[in-house]
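Please read them alongside the sequence and coordinates.

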Amino acid sequence: MTIDYQEKIPNNVNLSEDRRLQRALERWLPGYQQWWHEQGPADSEAMEVYLRTAISVEAGGWANYGYVRMPDYRWGIFLARPEPDRRVNFGKHKGEPAWQEVPGEYRSELRRLIVTQGDTEPASVEQQRHLGKTCPSLYDLRNLFQVNVEEGRHLWAMVYLLHGFFGRDGREEAEAMLERHSGDPDKPRILNAFNEKTTDWLSFFMFTYFTDRDGKYQLASLAESGFDPLSRTCRFMLTEEAHHMFVGESGIGRVVQRTCEAMNAHRNDDPRSHGVIDLPTIQKYLNLHFSASVDLFGQELSTNAANYFTMGLKGRFQETRIDDDHRLADATYTVPEVKDGAIALVEAPALTAVNECLRDDYIADCQRGVDKWNRIIRDAGIEVTLTLPHRAFNRKIGVCAGLEATPDGRIIAAAEWESGRADWLPSAPDQSYVQSLMAAVTEPGKMANWIAAPAKGINGNPIAFEYVRLN
Ligand SMILES: [Fe+2]
Ligand SMILES: [Fe+2]
């Protein structure tokens with residue numbers, strides 16, 4: 001499974017033996033490069049960035065590190081090693097050999113799943129386009145760019161499937177990936193959370209913690225797919241995704257740590273007077289990004305999700321490790337429902353509740369990072385606890401979308417929501433305060449005042465390593 005870097009498009013799928021596909025992807029390449037130039041990280045093209053590039057897909061040791069100008073990054077197509085004798089592991093085809101070609105009857109569903117996933121990848125690059133100008137350190141700038149090039153590669157992963165397995169309409173979908181843009185009034189990205197701008201680094205860390213984690217759960221459920229090429233590409237994407245979530249988790253941890261240091265050094269002062277981000281503001285950003293990310297899992301009860309499951313296209317998180325029949329014909333699952341102005345838990349058919357099942361796994365996973373941040377606060381001797389808001393809070397999709405709820409899940413009237421809102425979500429003054437802190441720090445090893453240094457550097461290098469040569 002070595003990757004061929006002699007090729008114009010690095011790959012481990014023997015692209016040179018499939019002339020038709022190779023030509024199709026080579027035709028798509030200039031449009032992609034143009035998109036990177038216009039929509040990718042602003043003012044970055046002369047910079048040399050200490051990036052990792054995939055050199056194999058084996059566990060451990062797949063990455064090579066070195067300075068790269070981002071337009072020269074070797075984007076390519078990397079699939080995890082095939083599993084011998086892999087089967088469809090759930091749904092009505094359970095036990096049949098996994099599909100190496102698209103099953104004709106599921107073609108449009110599969111294409112829709114791939115397009116929806118693929119669209120988020122370039123969207124996040126677009127959202128983060130201007131962040132580099134206000135990086136808190138060269139270390140962070142490098143991490144931002146690493147995330148960006150890998151999201152670009154994730155687009156390649158989905159475009160490979162579209163070109164390779166969906167013929168003409170796949171080609172058209174691949175073109176459309178470069179035509180929609182985040183926040184574009186005429187051609188927006190498909191999912192709403194990907195049309196918001198990421199304007200500051202606190203938001204970026206929240207996004208990589210909460211929204212990239214949604215990505216992890218979507219990819220993990222697609223990695224269970226009976227369509228083997230999708231499964232294999234998602235499995236390799238997940239190894240890259242782990243770094244994005246690390247950037248978020250450690251980034252928020254460093255913000256929290258720096259705030260606690262300033263609070264302890266100046267016990268009676270407003271932390272903002274010392275140029276750090278006060279914990280209540282961090283909580284509000286957390287509330288916002290968590291609630292937007294739980295929306296991405298869709299409706300609690302969904303016929304589409306049930307169909308994808310039954311067809312064997314999209315499974316649950318770690319499907320094969322779940323101890324049940326993997327068909328869900330008679331099983332039930334607990335889902336929230338709004339009854340008489342309160343949220344009640346009811347039993348629903350597990351098959352239509354697979355979105356909710358994935359969301360539950362996601363929420364439990366989110367809590368782990370929050371626990372870590374709380375340990376930093378506790379170790380500093382400060383009595384504040386960050387919490388995930390209730391799943392009913394600030395929802396735009398699902399049974400809670402039509403109601404107002406406090407972060408602890410109490411359903412309230414619209415007037416109470418209006419008066420409480422500024423305590424629960426970033427207000428305009430909060431946003432402009434956070435924005436006021438955003439100024440580029442580009443001296444190697446130096447950090448902006450509002451964030452602590454990381455515990456260690458990248459790939460064994462010191463924190464003061466020149467992770468980006470600005471040129
Ligand atoms: Fe991604
Ligand atoms: Fe990501």
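**Notes on the chain**

1. Tyrosine 73 sits in the loop that runs between strand 2 (63-69) and helix 2 (107-127). Helices (H or I, at least four residues) and strands (E, at least two) are DSSP runs, numbered from the N terminus. Tyrosine 73 is buried, as 20 other C-beta atoms lie within 10 Å. The cut-offs are 20 or more other C-beta atoms within 10 Å for buried, 12 or fewer for exposed, and partly exposed in between, with C-beta atoms placed from the backbone. Leaving out residues up to four places away in sequence, tyrosine 73 touches Leu51, Val68 and Val149; a contact means C-beta atoms, placed from the backbone, within 7 Å. Threonine 310 is 237 residues from tyrosine 73 in sequence, and the two C-alpha atoms are 39 Å apart.

2. On provenance, this is a predicted model, in which local features need pLDDT of at least 70 and side-chain atom pairs count only at pLDDT 80 or more, while totals for chains, interfaces and linings use all residues. Residues are numbered from 1 along each chain as its sequence is written, and chains are lettered from A and ligands numbered from 1 in the order in which they are written.

3. Overall, the chain has 11 helices and 7 strands. Its C-alpha trace spans about 65 × 60 × 40 Å along the principal axes. The radius of gyration is 23 Å, which agrees with the value near 23 Å for a compact globule of 471 residues; the radius is taken over C-alpha atoms, and the globule rule is 2.2 Å times the number of residues to the power 0.38. Of the 471 residues, 47% are buried. When contacts between residues at least 6 apart in sequence are considered, 70% join residues at least 24 apart.

4. Which residues touch the most other members of the largest nonpolar core? They are Val159, Met206 and Val255, in a core of 118 residues. Helix 3 (residues 138-165) gives the most to this core, with 16 residues. Such a core is a set of buried Ala, Val, Leu, Ile, Met, Phe, Trp, Tyr and Cys residues joined through C-beta atoms within 7 Å. Outside the four places on either side in sequence, valine 255 touches Leu202, Phe205, Ile277, Ile282, Trp450 and Ile451.

5. Two packed helices are described by the angle between their axes and the distance between the axes. For helix 3 and helix 6 (residues 228-265), the angle is about 170 degrees and the axes are 10 Å apart. Helix 3 is therefore roughly antiparallel to helix 6. Angles under 35 degrees count as roughly parallel, over 145 as roughly antiparallel, 65 to 115 as roughly perpendicular and the rest as oblique. Axes are lines fitted to C-alpha atoms, for helices over the stretch in contact, and angles run from 0 to 180 degrees between N-to-C directions. Residues making the contact include His154 and Leu161 of helix 3 and His243 and His244 of helix 6.

6. Most residues other than glycine have a negative phi. Asparagine 14, which is not a glycine, has a positive phi of about 55 degrees. Asparagine 14 belongs to the segment before helix 1 (19-39) and is exposed, with 10 other C-beta atoms within 10 Å.

7. Aspartate 43 also has a positive phi, near 55 degrees. Its place is the loop between helix 1 and strand 1 (48-54). Is aspartate 43 buried or exposed? Aspartate 43 counts as exposed, because it has 11 C-beta neighbours inside 10 Å. Beyond four places in sequence, aspartate 43 is in contact with Gly132 and Lys133. Alanine 306 lies 263 residues away from aspartate 43 in sequence and 45 Å away in space, C-alpha to C-alpha.

8. Glycine 457 is in the loop between helix 11 (428-437) and strand 7 (468-469). With 17 C-beta neighbours inside 10 Å, glycine 457 is partly exposed. Its contacts, apart from residues up to four places away in sequence, are Tyr139, Pro462, Ile463 and Phe465. Glycine 445 is 12 residues from glycine 457 along the chain, with 9.6 Å between the C-alpha atoms.

9. Glutamate 196 is in the loop between helix 4 (167-179) and helix 5 (201-223). Glutamate 196 is partly exposed, with 18 other C-beta atoms within 10 Å.

Methods
Two residues are in contact if their C-beta atoms, placed from the backbone, lie within 7 Å.
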